[in-house]
Amino acid sequence: MTDFLIAQSIAVVICVVACGSYFAKKKSIYLFLQLLVNLLYGVQYLLLGQLSGTVSNAVSSFKYVYFIYKEKTGRENNKKELLIFLALSVILGVFVIDSWFSVIPIITSLLFTYAIWQESEIVLRVVVIICCNLMWVVFNLFAGAWVSAVYSFAEMTFAAVTMIKILKDRGESLEENTN
């Protein structure tokens with residue numbers, strides 16, 4: 001019972017950090033905050049005995065560190081890196097599948113790997129809103145991560161608001177450049 005309560009408390013911290021990430025204007029800040037979120041989710045799922053969630057978030061944390069490094073050094077993404085991270089998610093994920101819903105973290109990891117690998121902030125947020133959040137809601141409900149399940153619904157709203165703001169800002173920039 002103590003692990004369950006600690007896991008739910010960690011989820012509250014996750015909510016606060018993740019919400020802040022959606023208001024980040026720079027990709028590097030967004031990636032750093034999401035790194036922290038993934039580390040906390042990994043601990044939460046470990047406490048709940050959900051190893052597929054723990055492994056998925058560990059791989060995601062490694063990806064975030066790598067992408068933050070690339071963002072700071074200005075290196076371009078390449079297909080080889082994408083394939084390595086996709087393979088890593090599948091290979092490690094296969095070892096911890098123990099139920100039908102334990103496949104969900106592997107699928108979300110694959111989708112999100114592509115989303116952060118490509119350059120469009122809009123694609124990144126669409127994948128988060130449409131794919132990952134909905135899938136994590138299901139996983140969290142079955143994993144007993146109640147706070148995280150509720151938060152995943154709220155997170156979709158924050159991501160959508162940020163995406164609309166980015167589109168609006170881009171529209172204003174285009175108007176300024178054409179006048």
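Hi everyone, let me start with a definition: on a 1 Å grid over the protein atoms alone, a cavity is a set of points where a 1.4 Å probe fits but cannot get out, and its lining residues have an atom within 4 Å of a point. What we have here is a predicted model, so local features need pLDDT of at least 70 and side-chain atom pairs count only at pLDDT 80 or more, while totals for chains, interfaces and linings use all residues. Residues are numbered from 1 along each chain as its sequence is written, and side-chain values use heavy atoms, with hydrogens and water left out.

Let's go to the cavities. How many cavities of 30 Å³ or more are there? The count comes to three. For volumes, grid points are joined across faces, edges and corners, and the volume is the space filled by probe spheres set on the points.

The largest cavity holds about 300 Å³ of space. It is lined by 21 residues, and Q34, N38, Y41, C132 and W136 are the closest to its centre. Helices will come up a lot now: they are DSSP runs of H or I, at least four residues long, numbered from the N terminus, and strands are runs of E of at least two. Two or more lining residues come from each of α2 (27–47), α3 (51–73), α5 (104–117), α6 (121–143) and α7 (146–178). Which element gives the largest share of that lining? That is α2, with six residues.

Ala, Val, Leu, Ile, Met, Phe, Trp, Tyr, Cys and Pro count as nonpolar, Asp, Glu, Lys and Arg as charged, and the others, Gly among them, as polar. For the largest cavity that gives 10 nonpolar, 10 polar and one charged.

Now the second largest cavity, with a volume of about 40 Å³. Please find its lining on the structure: S52, V55, S56, V59, S89, L92, G93, I106 and S109.

Next, the core. Buried means under 20% relative accessible area, exposed means over 50%, and partly exposed is in between, with a 1.4 Å probe and protein chains only. A nonpolar core is a set of buried Ala, Val, Leu, Ile, Met, Phe, Trp, Tyr and Cys residues joined through side-chain atoms within 4.5 Å. In soluble globular proteins, nonpolar side chains tend to be buried together. In this model, the largest nonpolar core has 45 residues, and Y30, L31, F112, I116, F139 and Y151 have the most contacts inside it. Two or more core residues come from each of α1 (2–21), α2, α3, α4, α5, α6 and α7. The biggest contribution is from α6, with nine residues.

Let's zoom in on a few residues. A contact means heavy atoms within 4.5 Å. Beyond its neighbours within four places in sequence, Y30 is in contact with S21, Y22, A24, F112, L124, R125 and V128. In helix α7 we find S152, which counts as buried because its relative accessibility is 1%. With residues up to four places away set aside, S152 touches N133, W136, V137 and N140.

Over in helix α5 sits W117. Is W117 buried or exposed? It is buried, because its relative accessible area is 16%. Outside the four places on either side in sequence, W117 touches F67, N77, N78, K79 and L82.

F4 belongs to helix α1, and it is partly exposed because its relative accessible area is 26%. The C-alpha atoms of F4 and L47 are 43 residues apart along the chain and separated by 6.8 Å. Leaving out neighbours within four places, F4 is in contact with L48, G144 and W146.

Last topic: cysteines. A disulfide is a covalent bond between the sulfur atoms of two cysteines. Here it is counted as a pair of cysteine sulfur atoms within 2.5 Å, and the count is zero.

Conventions
1 Å grid on protein atoms, 1.4 Å probe; cavity = no way out; pocket = protein on both sides within 12 Å on 5 of 7 lines; lining within 4 Å.
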